[in-house]
Amino acid sequence: MNDVAFGAVAERPGDTMLRQTIRHRVEAAGTSFYWAMRLLPKHRRNGMYAVYAFCREVDDLADGDQPVECKIEALAAWREEIDALYAGYPRHLVAQALSEPVARYHLRRRDFLAVIDGMEMDARGDIRAPDLATLDLYCARVASAVGHAVAESLGRALQLTNILRDLHEDAGRGRLYLPREVLDRHGIHESDPRAVLRHPALPAVCREVAAIAEEHFQLSMRAMVSCSRRAMRPAAVMAAIYHATLSALLQSGWRDPATRVNVSKPLKLWLVLRHGLV
């Protein structure tokens, strides 16, 4: 089977309604990515909406309350759906929305499968203190597989920021993404997520992981310099919003992981204007 699809996809009856449905799904998700995607030209924007909708579909499967066997079966069905997409007969609404961007931008089949592989890492068991190599593979699959170059570093930076922001939420699912090596370095040898969140050395662990995220942010920003400034606007907006989130987390010191740290809407708007329009 070809790894990319070739040729243009003709406009079909119902395509406009399909795109609107996908856009509404993305908007309803309340993601910061929505505002960055709005900065893209029409076809790229619609393509990114479809890619995000796909990522959301498989992420919701991995995070759902169904038994592990059901989750694995549902993700396997999505692998079959990706095969059907590249064979030219997608069945799922989101896969149908992917048809046009896959053809227009030669999106790679293996990247969609990599995202599913990352979700399967979540679905197969509670991830607790993975080693750094496993954590990097997880970030590459769930965050970097949707793009390359800038995304290789930025995807990791965004995902590590998510991990540091969502410690309490992940612990409620029995998950702990903080790397084993860093935990051990600070004398935390427990694997139970809630016990780790109560440990007095947690802030030191989080600061070290934040330093890794910061390094990836800096790498991505340097990579953007060699790219078209206009093309990089959405990535620059996301980098700015998530970098502000990381700064807010550092300021909070992870003193109370149950308190979710977010960037205020006025600050988000200012960052969108600064990095998306200037």
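1. Let's start at a proline. Setting aside neighbours within four places in sequence, Pro90 is in contact (heavy atoms within 4.5 Å) with Glu81, Ala84, Leu85, Ala95, Gln96 and Ser99. Pro90 sits in the loop between α4 (68–87) and α5. Its relative accessible area is 17%, so Pro90 is buried (buried is under 20% relative accessible area, exposed over 50%, partly exposed in between, with a 1.4 Å probe and protein chains only). Pro200 is 110 residues away from Pro90 along the chain, and the C-alpha atoms of the two are separated by 51 Å.

2. A word on where this comes from. This is a predicted model, in which local features need pLDDT of at least 70 and side-chain atom pairs count only at pLDDT 80 or more, while totals for chains, interfaces and linings use all residues. Residues are numbered from 1 along each chain as its sequence is written, and side-chain values use heavy atoms, with hydrogens and water left out.

3. Now the overall picture. The protein chain has 14 helices and zero strands (DSSP runs numbered from the N terminus: H or I of at least four residues for helices, E of at least two for strands). The radius of gyration is 19 Å, close to the 19 Å that the globule rule gives for 278 residues, so the protein chain is as compact as a globular protein of that length (the radius is taken over C-alpha atoms, and the rule is 2.2 Å times the number of residues to the power 0.38). Along the principal axes, the C-alpha atoms fill a box of roughly 60 × 50 × 30 Å.

4. What share of the 278 residues counts as buried? The figure is 48%. As for contacts in the protein chain with a separation of 6 or more, 67% come from residues 24 or more positions apart.

5. Next, a helix pair. The axes of α1 (residues 15–28) and α3 (residues 42–63) come within 9 Å and cross at roughly 60° (axes are lines fitted to C-alpha atoms, for helices over the stretch in contact, with angles from 0 to 180 degrees between N-to-C directions). That makes α1 oblique to α3 (under 35 degrees is roughly parallel, over 145 roughly antiparallel, 65 to 115 roughly perpendicular and the rest oblique). Among the residues that meet are Ile22 and Val26 in α1 and Tyr49 and Ala53 in α3. By class, this contact has six nonpolar, one polar and four charged residues (Ala, Val, Leu, Ile, Met, Phe, Trp, Tyr, Cys and Pro are nonpolar, Asp, Glu, Lys and Arg charged, and the others, Gly among them, polar).

6. α3 also packs with α6, at an angle of about 20° and with the axes 8 Å apart. The two helices are therefore roughly parallel to each other. Phe54, Cys55, Val58, Asp59 and Ala62 in α3 meet Phe112, Val115, Ile116, Met119, Asp122 and Ala123 in α6. The residues here divide into nine nonpolar, no polar and two charged.

7. Last, some backbone angles to look at. Most residues other than glycine have a negative phi. His106, not a glycine, has a positive phi of about 55°; it lies in the loop between α5 (93–105) and α6 (109–124). Trp254 also has a positive phi, near 55°, and is found in the loop between α13 (233–252) and α14 (265–277). Are these two buried or partly exposed? His106 is partly exposed, with a relative accessible area of 37%, whereas Trp254 counts as buried at 5%.
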